[in-house]
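Here are my notes for someone opening this one up for the first time. Keep the viewer handy and go through the points in order.

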Amino acid sequence: MKTKNAAGDAPRLYQAVLAHIQHGLWNDVRNAHTLAWMVTGLVLSQRSSIPAWLPYIHSRATFAQSSERRVRRWLDNPAIDPTSIYGPLVTRALRDWGSQTL
């Protein structure tokens, strides 16, 4: 199975997500790029299944399984500490939320 090109809203959503996560949270910017594509795939597919994200993930990979391996390696990376990322990310998101009700 070959991957589809990221089409439609995927590149715009990816750029919006990346703008929120790339600054100050990573020792390697590639981690931010992978996470941004993962979030894009999650939002656009509306599914929590990695294979469902693949059509929305832009990659130079020719085969879908290569992109899936990239995502799984990111998720299994012991150098990525979700607790150290989650707090600052939520704080940034809520700071700009304004007076809207959650």
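How many salt bridges does a search of the whole structure find? Point 1 has the count, and one thing to keep in mind throughout is that this is a predicted model.

1. **Salt bridges.** The search turns up two salt bridges. Side chains of opposite charge can pair when their charged atoms come close. Take Asp-9 and Arg-12 to begin with: their closest N and O atoms sit 2.5 Å apart. Asp-9 is partly exposed, at 43% relative accessible area, while Arg-12 has 61% relative accessibility, so Arg-12 counts as exposed.

2. Arg-72 comes out at 40% relative accessibility; that lies between the 20% and 50% limits, so Arg-72 is called partly exposed.

3. **The nonpolar core.** Now look inside. The largest nonpolar core has 19 residues, and those touching the most other members are Leu-18, Ile-21, Ala-36, Trp-53, Ile-57 and Val-71.

4. **Ile-57 and its contacts.** Leaving aside residues up to four places away in sequence, Ile-57 touches Trp-37, Arg-70 and Val-71. Val-71 is also on the list of core residues that touch the most other members.

5. **An aromatic pair.** Trp-37 comes up again here. The count of aromatic pairs is one. In that pair, the ring centres of Tyr-14 and Trp-37 are 4.1 Å apart and the ring planes are at 10°, so the two are stacked. Tyr-14 sits in helix 1 and Trp-37 in helix 2, so the pair ties together parts that are 23 residues apart in sequence. Are these two residues buried or exposed? Both Tyr-14 and Trp-37 are buried.

6. **Ala-64.** One last stop, back in helix 4, where Ala-64 lies. Ala-64 has 6% relative accessibility; buried means under 20%, so Ala-64 counts as buried.

Terms used:
Residues numbered from 1 in each chain as written. Predicted model: local features only at pLDDT ≥ 70, side-chain atom pairs only at ≥ 80, totals over all residues. Heavy atoms only, no water. Core = buried A, V, L, I, M, F, W, Y, C linked by side-chain atoms within 4.5 Å. Buried < 20%, exposed > 50% of the residue type's maximum accessible area, 1.4 Å probe, protein only. Contact = heavy atoms within 4.5 Å. Phe/Tyr/Trp six-rings, centres within 6.5 Å; stacked < 30°, edge-to-face > 60°. Helix = DSSP H or I, 4+ residues; strand = E, 2+ residues; numbered from the N terminus. Salt bridge = Lys/Arg side-chain N within 4 Å of Asp/Glu carboxyl O.
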